[in-house]
Amino acid sequence: MPETLFDKVWNRHVVTPETPDTPSVLYVDLHLVHEVTSPQAFSEIEARGLSVRRPDRTFATLDHSTPTLPAVDGVRPYVTPEARSQVERLEANCARHGIRLAGWGSEDRGVVHVMGPELGLTRPGMTVVCGDSHTATHGAFGALAFGIGTSEVGHVLATQCLLQRKPKTMRVTVTGRLQPGVSGKDMALAIIARLGFGGGTGHVIEYAGEAVRALDMEGRMTLCNMSIEAGARAGMIAPDPVTVAWLQGRRHAPSGEAFGRAAADWLTLRSDPGAVFDSEIEIDGNAIRPMATWGTTPDAGSPVGAPVPEPRDATGARALAYMGFTAGEPTTGHRVDVVFVGSCTNGRLPDLRAAADVLRGRKVSPGVRMLVVPGSEAVRRDAEAEGLDRVFIDAGAEWRLPGCSMCIAMNGDFVGPGQLAVSTSNRNFEGRQGKGARTILASPATAAASAVAGVLTDPRAYLKEGVDA
Amino acid sequence: MPEPLQVLTSKCVVLSQANIDTDQIIPARFLTTTSREGLGKAAFYDWRYEADGSPKPEAVLNRIDPAERRILLAGPNFACGSSREHAPWALADYGFRAVISTSIADIFTSNALKTGLLPIEVDQAVWDDLAAFPDHPVTIDLEAGEIRRGNAAPTPFTVERFARRCLLDGVDTLGWLQARLPDIAAFEAAHDMETA
C-alpha cells in the first residue's frame with residue numbers, strides 16, 4: 001500500500017493506535033514553548049504534582065511579549081507589567097523544570113519558528129508541536145508539525161504525548177517556475193486564495209511540484225507557515241538534498257557518520273508513487289504574480305494592482321468597509337502608513353535580503369513608518385554582518401531586536417487605528433496588528449517597494465533584472 | 001478539567017458573520033495573562049467596547065443576559081486563526097457552553113472540548129432554522145447526540161467519541177493519558193534509540 005509522506009511520519013509516532021472510542025496516542029519528538037501559551041499549562045501540571053517528562057525534548061524561547069527596543073539603563077521597555085511577568089514566569093518555569101530557554105542574553109533567542117530550525121532542533125521525520133498555530137512552519141523539513149492549545153501543552157509537558165485522530169491529507173502541486181520577484185510568500189497567498197480560508201480544515205497539506213522544490217528552505221518555511229491560514233493544521237514538504245544541505249552543521253543536528261545515516265533515512269520520507277490523498281489541487285507556478293490581500297482574511301488576495309473583486313456576501317462587504325477599499329478598483333492608490341518586515345513567516349535572512357535589495361540606495365517614502373524586525377538573534381547577527389541593517393537604517397527604516405513584534409502586536413509594536421500597513425506577517429484580521437489597524441499581507445520585496453513608493457507597489461519595477469510581467 | 005455536560009437548554013445568540021477569527025474572540029493584547037480565569041470581559045472586546053473602554057450599547061453581546069443565552073450560533077469557519085485556548089476560555093467565562101456553526105476551525109474545536117464548551121457543526125438548513133428563532137429555547141442533548149427545538153424533528157450531531165465521553169462523564173484527559181505511561185515508556189525506549 002503506497003504511503004504519503006504524512007503517513008510515514010505519523011506511523012513512526014503512534015504509541016497506541018486509534019479505536020472508534022479513543023484517539024491515537026501520538027508521541028512528540030520536539031516540544032517548543034513560548035511565554036504566552038505555556039503558563040497555565042505549567043500551573044496545571046504543578047497543581048497535579050507532575051514533572052516535565054522529557055525536558056530534553058523541550059525547548060523554550062521568549063518572543064511574543066518581548067520588547068524589540070533595547071533596554072535602557074538595564075530596564076527592558078515592556079508594554080505592561082503583565083508582559084514582563086509573563087516572561088518572568090517562563091524563565092522561572094524553565095529553571096524549575098530543567099528546560100533549556102533561549103532567554104534574554106542568549107545568542108539563540110528568536111521567534112520560535114525561526115529559532116527551532118536554525119538550531120537544528122527541527123529535523124525531517126519528527127513530530128513537532130508548540131502552543132502556536134504557525135508551528136506548521138517546521139513541516140518544511142518533512143516534519144509533522146502543528147499547533148496545539150494550552151491544555152495540550154500540559155499533556156505534552158507531562159506525558160510527551162497527545163491524543164490525536166488521524167487527519168485527512170491534501171496535496172497541493174505547484175508546477176513550473178516562479179518568475180523573478182515572486183517569492184514563497186506570493187505562492188502561499190496564491191494557494192490560500194485558491195483554497196479559501198477554511199479550505200484546508202481537517203487536512204494536512206503536502207506541498208509538491210517543481211516550483212516548491214525550487215524554493216530555498218526559507219521559502220519552504222514561509223509556505224508551510226501559512227498552512228493554517230487555509231485552515232490546515234500542518235503543511236509538509238518532502239526532504240531533499242536542499243533540506244539535507246541546510247541542516248548539515250546545525251548545532252542540534254547529528255554530526256559525522258551519524259549525519260550521513262540520518263540523511264539517508266530522511267530522503268526516504270516522500271510520498272510513494274500512487275499514494276492517495278483525500279484531495280489534490282494543482283497550481284501553475286508560472287502564473288503567480290506578486291500577491292497582496294485586500295480584505296480581512298488571508299484568502300482575500302490577488303496580484304498587486306488587480307481590481308478588488310465585488311463582495312460575495314455581507315462578510316465580504318464588511319471586510320471592504322473595514323479596509324476602506326472599493327470593489328472594482330485596485331488597492332495601489334491608497335497611501336500606506338506602516339510597513340512591517342519580519343515575523344515567523346518572513347523574518348529570515350533571505351527575506352531581509354529581498355527587502356534590502358529593493359531599499360538599497362533608496363529612501364522610505366516620507367510619512368511611512370517602516371519597521372524591520374529580524375526573526376532571531378542569529379538572523380540579526382548575519383544581517384548585520386552583511387550590512388543589511390545599514391541599508392534599512394540609511395533608507396529610513398527602524399532596525400529592531402528579534403521578536404514577533406507587529407505581527408501579533410502584543411509587545412507594544414502596533415499599527416495605529418485606521419492606519420494602513422503593508423506587512424510580511426500572516427494575518428490581516430480586523431485589529432490583528434492593533435485596534436483598528438488595516439493590514440495588507442505581502443512579500444518582503446513587495447513590502448519594501450511599497451515603503452519606497454508610499455503606496456502598495458509591485459516590487460518587480462525595483463529589481464535589476466529584466467522582468468517579464 | 002471541564003464540568004460535565006449532558007443536556008443544555010438555552011436560547012441562542014446569533015453572530016452570523018463568516019470567518020469570526022480568534023483575534024475577534026479575544027484580541028492578542030489580552031494574552032499577556034498567566035491565568036485562565038476571568039477572560040469573559042475580554043471576549044469580543046473590540047466588538048463590545050469603545051477605545052475608551054465604554055461599552056457599545058448596540059453590541060449584541062452587551063444587550064443580552066449571558067445566563068439566558070448559553071448557545072452561540074456563529075457564521076461559517078468560526079474561530080479560525082490562532083491556537084490560543086484563551087478563545088474558548090473567554091467564551092466560556094462570558095457564559096457560553098456551546099457553539100453551533102456550519103464549520104469550526106480544528107484547533108478551536110480541540111481547545112473548546114477541553115474547556116467544556118461544546119462545538120457542534122450542523123448543515124446550513126439547520127443553522128438557518130436555528131438563526132430564525134434565536135429566542136426559542138434549544139435543547140442540546142449530548143448523550144443522545146441530538147439538538148431538539150419546538151416541534152421540529154431532532155437534529156443529530158456528532159462529537160469525537162472520546163471527547164464526548166470526557167464531557168459526559170467528566171473524564172480527565174490528562175489523567176487518561178497518564179494511565180498510558182507504561183505504553184509511552186515502552187515506545188520511548190525503542191524510539192529514543194532510533195532517533196538518537
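Is A:V36 buried or exposed? Let us find out, keeping in mind that this is a predicted model. A:V36 has 28 other C-beta atoms within 10 Å. A residue counts as buried once 20 or more such atoms lie within that distance, so A:V36 is buried. Find A:V36 in the loop between strand 3 (30-33) and helix 2 (39-47) of chain A. Leaving aside residues up to four places away in sequence, A:V36 touches A:H64, A:S65, A:Q86 and B:L31. Notice that B:L31 in this list belongs to chain B. A:V36 also shows how a chain can fold back on itself: A:L90 is 54 residues away in sequence, yet the two C-alpha atoms are 8.8 Å apart.

Now step back to see how chain A is organised. Chain A is divided into domain 1 (5-164), domain 2 (168-239 + 265-286) and domain 3 (292-462). The C-alpha centres of domain 1 and domain 3 of chain A lie 28 Å apart. These two domains touch through 21 residues from domain 1 and 22 residues from domain 3 of chain A. On the domain 1 side of this contact, helix 4 (residues 112-118) of chain A gives the most, with four residues.

Next, look for the sheets. One open sheet of chain A has five strands in the order 5-4-3-6-7, with parallel pairing. Strand 5 (100-102) and strand 7 (144-147) of chain A stand at the edges with a single partner strand each, so one side of each has no neighbour in the sheet. On average, and ignoring direction, neighbouring strands of this sheet are turned by 20 degrees against each other. To follow one pairing, take strand 4 (residues 58-61) of chain A, which is parallel to strand 5 of chain A and joined to that strand over three bridges. Here A:F59 has A:R100, in strand 5 of chain A, as its bridge partner.

A second open sheet of chain A also has five strands, in the order 17-16-15-18-19, and its pairing is parallel. Its edges are strand 17 (398-399) and strand 19 (438-441) of chain A, each of which pairs on one side only. Inside this sheet, strand 15 (residues 338-341) and strand 16 (residues 369-372) of chain A run parallel and are joined by four bridges. A:V339 stands opposite A:M370 in strand 16 of chain A.

In soluble globular proteins, nonpolar side chains tend to be buried together. In the largest nonpolar core here, which has 202 residues, A:V339 and A:A355 touch the most other members. Helix 6 (residues 184-195) of chain A gives the most to this core, with eight residues. Beyond residues up to four places away in sequence, A:A355 touches A:V341, A:V372, A:P444, A:A445, A:A447 and A:A448.

How many residues of helix 5 (residues 150-159) of chain A are buried? The count is 10 of its 10 residues. Among them are A:E152 and A:H155, as well as A:V153 and A:L157. Just after helix 5 of chain A, A:Q160 takes a positive phi of about 60 degrees.

Let us turn to chain B. Its secondary structure comes to nine helices and eight strands, and its C-alpha trace spans about 60 × 45 × 25 Å along the principal axes. Of the 196 residues in chain B, 44% are buried. Among contacts in chain B with a separation of 6 or more, 66% join residues 24 or more positions apart.

B:E3 has 9 other C-beta atoms within 10 Å. The limit for an exposed residue is 12 or fewer, so B:E3 is exposed. The C-alpha atoms of B:E3 and B:L167 are 7.3 Å apart, although 164 residues separate them along the chain.

Finally, see where the chains meet. The contact takes 46 residues from chain B and 54 residues from chain A. Helix 9 of chain B supplies the largest share of the chain B side, six residues. The chain B side that touches chain A divides into 14 nonpolar, 19 polar and 13 charged residues.

Key
Residues numbered from 1 in each chain as written. Chains lettered and ligands numbered in written order. Predicted model: local features only at pLDDT ≥ 70, side-chain atom pairs only at ≥ 80, totals over all residues. Contact = placed C-beta atoms within 7 Å. Helix = DSSP H or I, 4+ residues; strand = E, 2+ residues; numbered from the N terminus. Nonpolar A, V, L, I, M, F, W, Y, C, P; charged D, E, K, R; others polar. Core = buried A, V, L, I, M, F, W, Y, C linked by C-beta atoms within 7 Å. Pairing = 2+ DSSP bridges. Axes fitted to C-alpha atoms, helices over the stretch in contact; angles between N-to-C directions. Domains from an automatic or database assignment.
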